[in-house]
Amino acid sequence: MHVAVIGAGAGGAAAVAEATLAGHRVSLWNRSAQTLAPFIARGGVEYEGVFGEGFAEPALMTSDIGHAIDGADVALVCLPTLSHVAVASDLARAGAHRLPVVLNPGHTGGALEFSHAYAVASGGAVPPVAEFHTLSYIARKYQPARVTITGRAKFLRLGVLPGGEAAAAAATVLYPVAQRVGDVLDSSLANLNMVLHAPGAVLGAAWVEATRGDFTFYVQGMTPGVIRVMRQLDAERIAVAAAFGHALPGVAAEMQRYGTVEPWVTDTDDLLNAIASGEANRRIRAPDSLEHRYYREDFGHGLLPFIEIARIAGVPTPVADALYRLGGALTGTDFAAVGRTAATMGIEGMDRAALLRRIRG
């Protein structure tokens, strides 16, 4: 398979490593030539971690998206969800109308927003689109041409929009652990980052600013008070999913399926110990500032679309609402102006029945 990996951050670099190891032909695209330059200078991607230590050589590395997708069988979008609208427009202008697109990840409302943005840019045409509920890797770039991969998903929810069968097929070839779920609300409402990051980001903001993130987010940052807020936020997420007919597990049980809570943990209701058990996450540092993606991405592209979907479901979300407002105040950001809204997802004005028709056809 010819895989166009869209995005040269940690997730994209990890995807290049895995796809190359699997024998796929890989093209790597990134909008920023500066980000891509260290990989081009080195001739590929150095990697270490769960795939061992090695060097992956993409067939092509370019900032020209038309060139990157030329001859590709799938576009694997490994970008922060903040970038989905822009990259959808780029792909539409490049004429990728029939190219299957897999969002790795889509997070909350990703497939809906990507599809809507693409249609706006193309004048109506939309490619086959599927999304994973979360990124398939725990990965960081500590050096410009090297990715450290501390975890790889053991389970991924695969949500598919109507017409997205080709994208679903490509996704399961690349990631056999992916399991098709009922619709994209199942995958979207299983976004773990929104639940894991937002409570600690708000309640630990002073610690983040005072120490520039000199503590472990998933261990030292997960105090009993943070966990109590997280538990209530998670209950709201599960209630919204139930309103659309989906029975989703709690956050720690979902993490255990994914692989970031250790398999020996028997009580996933004990969030404090379950989350702290995870080897893939336990050494990850806290955000070094309020510009970190835990603030910039997980509020405007996590909590906000969740609140929008909950409103359509008619489910109250007081904890999500409070965290969202505090996140905006902390960062001085009007997330409604720059984030993932009902309008950007193409579901503005819909009621529950209309939304279900949109996602199930």
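The following legends describe close-up views of a predicted model.

Local features are given at pLDDT of at least 70 and side-chain atom pairs at pLDDT 80 or more, while totals for chains, interfaces and linings use all residues. Residues are numbered from 1 along each chain as its sequence is written, and side-chain values use heavy atoms, with hydrogens and water left out.

**View 1. An open sheet of 4 strands with mixed pairing.** The strand order is S4-S3-S10-S9. Strand S4 (54–56) and strand S9 (137–143) form the edges, each pairing on one side only. From one strand to the next, the twist averages 35°. Strands (E, at least two residues) and helices (H or I, at least four) are DSSP runs numbered from the N terminus; two strands pair if DSSP finds at least two bridges between them.

**View 2. The parallel pairing of strands S3 and S10.** Strand S3 (residues 45–49) is joined to strand S10 (residues 146–152) by 4 bridges. Gly49 stands opposite Ile149 in S10.

**View 3. The packing of helices H8 and H10.** Helix H8 (residues 192–203) packs against helix H10 (residues 224–243) at an angle of about 140°, with the axes 9 Å apart. Axes are lines fitted to C-alpha atoms, for helices over the stretch in contact, and angles run from 0 to 180 degrees between N-to-C directions. H8 and H10 are therefore oblique to each other (under 35 degrees is roughly parallel, over 145 roughly antiparallel, 65 to 115 roughly perpendicular and the rest oblique).

**View 4. Residues where H8 meets H10.**

Definitions and conventions. Contact = heavy atoms within 4.5 Å.
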